[in-house]
Amino acid sequence: MAWLSTFWYQIDPFKSSKNADAEIWAIMAVLSLALILVPFIPGIRSVPRWTRVHRLVWRDYYRMRR
């Protein structure tokens, strides 16, 4: 997963920044926190049910239950 943080070093504002490490660390912390909080955000947590993605993921389970 190192490529996720090294990606940011290739983008212009961070490429020339003297404080790039701290800025990238902050961005990765915010993105990680957002990913952790997805199940608790009411609109976003319902998207898999609306798109029926859960049926694709659990299709083997549903076949076995029948």
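Here, a residue counts as buried under 20% relative accessible area, exposed over 50%, and partly exposed in between, using a 1.4 Å probe and protein chains only. With that in hand, D12 and K15 are both exposed.

What you're looking at is a predicted model, where local features need pLDDT of at least 70, side-chain atom pairs count only at pLDDT 80 or more, and totals for chains, interfaces and linings use all residues. Residues are numbered from 1 along each chain as its sequence is written, and side-chain values use heavy atoms, with hydrogens and water left out.

**Confidence and layout**

pLDDT is the predictor's confidence in each residue, running from 0 to 100. The chain averages 86, and 98% of its residues reach 70 or more. Confidence is lowest in helix 1 (residues 2-6), with a mean of 77, and highest in helix 3, at 92.

Along the principal axes, the C-alpha atoms fill a box of roughly 60 × 25 × 15 Å. Buried residues make up 8% of the 66 in the chain.

**Surface**

The accessible surface of the chain is about 6200 Å², and 66% of it belongs to carbon and sulfur atoms. Areas like this come from the Shrake-Rupley method with a 1.4 Å probe; for residues, only the protein chains shown count as cover.

On that surface, L33, I36, L37, F40, I41 and I44 form a nonpolar patch with about 580 Å² of accessible area together. Patches are made of residues with over 30% relative accessible area and no salt bridge, joining like charges within 9 Å and nonpolar side chains (Val, Leu, Ile, Met, Phe, Trp, Tyr) within 5 Å. Helix 3 (residues 20-37) gives the most to the patch, with 3 residues.

**Salt bridges**

The structure holds 2 salt bridges, each being a side-chain nitrogen of Lys or Arg within 4 Å of a carboxyl oxygen of Asp or Glu.

| Salt bridge | N to O distance | Where |
|---|---|---|
| D12 and K15 | 3.7 Å | helix 2 (residues 12-15), 3 residues apart |
| D60 and R63 | 3.3 Å | helix 7 (residues 59-65), 3 residues apart |

In helix 2, the spacing of D12 and K15 is about one turn of the helix. R63 is exposed, with a relative accessible area of 56%.

**Aromatic rings**

Rings of Phe, Tyr and Trp (its six-membered ring) pair if their centres lie within 6.5 Å; planes under 30 degrees apart count as stacked, over 60 as edge-to-face and the rest as tilted. By this rule there are 4 aromatic pairs. In one of them, the ring centres of W8 and F14 are 6.0 Å apart with planes at 90°, so the pair is edge-to-face. Both W8 and F14 are buried, and F7, W8 and F14 form one aromatic cluster.

**A positive phi**

Most residues other than glycine have a negative phi. R52, which is not glycine, has a positive phi near 60°. R52 sits in the loop between helix 5 (47-51) and helix 6 (53-57), and is partly exposed at 46% relative accessible area.

Methods:
Helix = DSSP H or I, 4+ residues; strand = E, 2+ residues; numbered from the N terminus.
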